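Here's a quick briefing to read with the model open beside you. Take the topics in any order you like.

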Amino acid sequence: MQTDGRRAKEAVFSVVFRRVPAVLAVAYAVALVAGTHSPRAPQPPIRFEHADKLMHFVGYLLFAAIVALAMRAAGPWTRWGRLRLAAVLVLFAAIDEITQPFFSRNAELLDWVADCAGIAVGIWITSAVAKMLGRA
């Protein structure tokens, strides 16, 4: 039989680990928007023709994975939930790209395409890992 102290610790542990991914997702979203709207954009550490597209892809892959983890921590992870998440993140990426000219940045369709590809891969990886761990 569990003691009240142990039950309380488990409740705190459960709440913390359900909320940490959500807090990380919000913090990452703020950092992502700040980075994409900064007039002096960070330059990729490795320079090649489409390095900025790779940065968009990786940035949104990480964002999608963090938000997907937050959703997994909050409740069931259904196919419709994943599709809704993808739709919301694709819309977020579009708004992010469309608003960049207001901050002396260029909006590019291919940047948004790279964002969308990153979103798809981030959600897919999170789903695959959850399934491998038996939590799908």
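A patch, as used here, is made of residues with over 30% relative accessible area and no salt bridge, with nonpolar side chains joined within 5 Å. By that rule, Trp-124, Ile-125, Val-129, Met-132 and Leu-133 make a nonpolar surface patch of about 580 Å². Keep in mind that this is a predicted model, with an average pLDDT of 83 for the chain.

**Confidence**
- A pLDDT of at least 70 is reached by 81% of the residues.

**The nonpolar core**
- The largest nonpolar core has 14 residues, and those touching the most other members are Tyr-60, Phe-63, Val-67, Leu-85, Leu-89, Ile-119 and Ile-123.
- Two or more residues each come from α1 (4-37), α2 (51-74), α3 (79-98) and α4 (109-132).
- Helix α2 gives the largest share of this core, with five residues.

**Salt bridges around Lys-53**
- The structure holds three salt bridges, and Lys-53 pairs with Asp-52 in one of them, with the closest N and O atoms 2.8 Å apart.
- Lys-53 also forms a salt bridge with Glu-108, again with 2.8 Å between the closest N and O atoms. That pair links distant parts of the chain, since Lys-53 is in helix α2 while Glu-108 is in the loop between α3 and α4, 55 residues apart.
- Asp-111 meets Lys-53 in a salt bridge too, at 2.8 Å from N to O. Lys-53 lies in helix α2 and Asp-111 in helix α4, so this pair ties together parts that are 58 residues apart in sequence.
- Shared partners join Asp-52, Lys-53, Glu-108 and Asp-111 into one network.
- Asp-52 is partly exposed at 28%, as is Glu-108 at 33%.

**Out on the surface**
- Met-132, one of the patch residues, is found in helix α4 and is exposed, with a relative accessible area of 69%.
- Ser-104 sits in the loop between α3 and α4, and has a positive phi of about 60° although it isn't a glycine.
- Ser-104 counts as exposed because its relative accessibility is 66%, over the 50% cut-off.

Technical notes. Residues are numbered from 1 along each chain as its sequence is written. This is a predicted model: local features need pLDDT of at least 70, side-chain atom pairs count only at pLDDT 80 or more; totals for chains, interfaces and linings use all residues. Side-chain values use heavy atoms; hydrogens and water are left out. A nonpolar core is a set of buried Ala, Val, Leu, Ile, Met, Phe, Trp, Tyr and Cys residues joined through side-chain atoms within 4.5 Å. Buried means under 20% relative accessible area, exposed over 50%, partly exposed in between (1.4 Å probe, protein chains only). Helices (H or I, at least four residues) and strands (E, at least two) are DSSP runs, numbered from the N terminus. pLDDT is the predictor's confidence in each residue, from 0 to 100. Patches are made of residues with over 30% relative accessible area and no salt bridge: like charges are joined within 9 Å, nonpolar side chains (Val, Leu, Ile, Met, Phe, Trp, Tyr) within 5 Å. Accessible areas come from the Shrake-Rupley method with a 1.4 Å probe; for residues, only the protein chains shown count as cover. A salt bridge is a side-chain nitrogen of Lys or Arg within 4 Å of a carboxyl oxygen of Asp or Glu.
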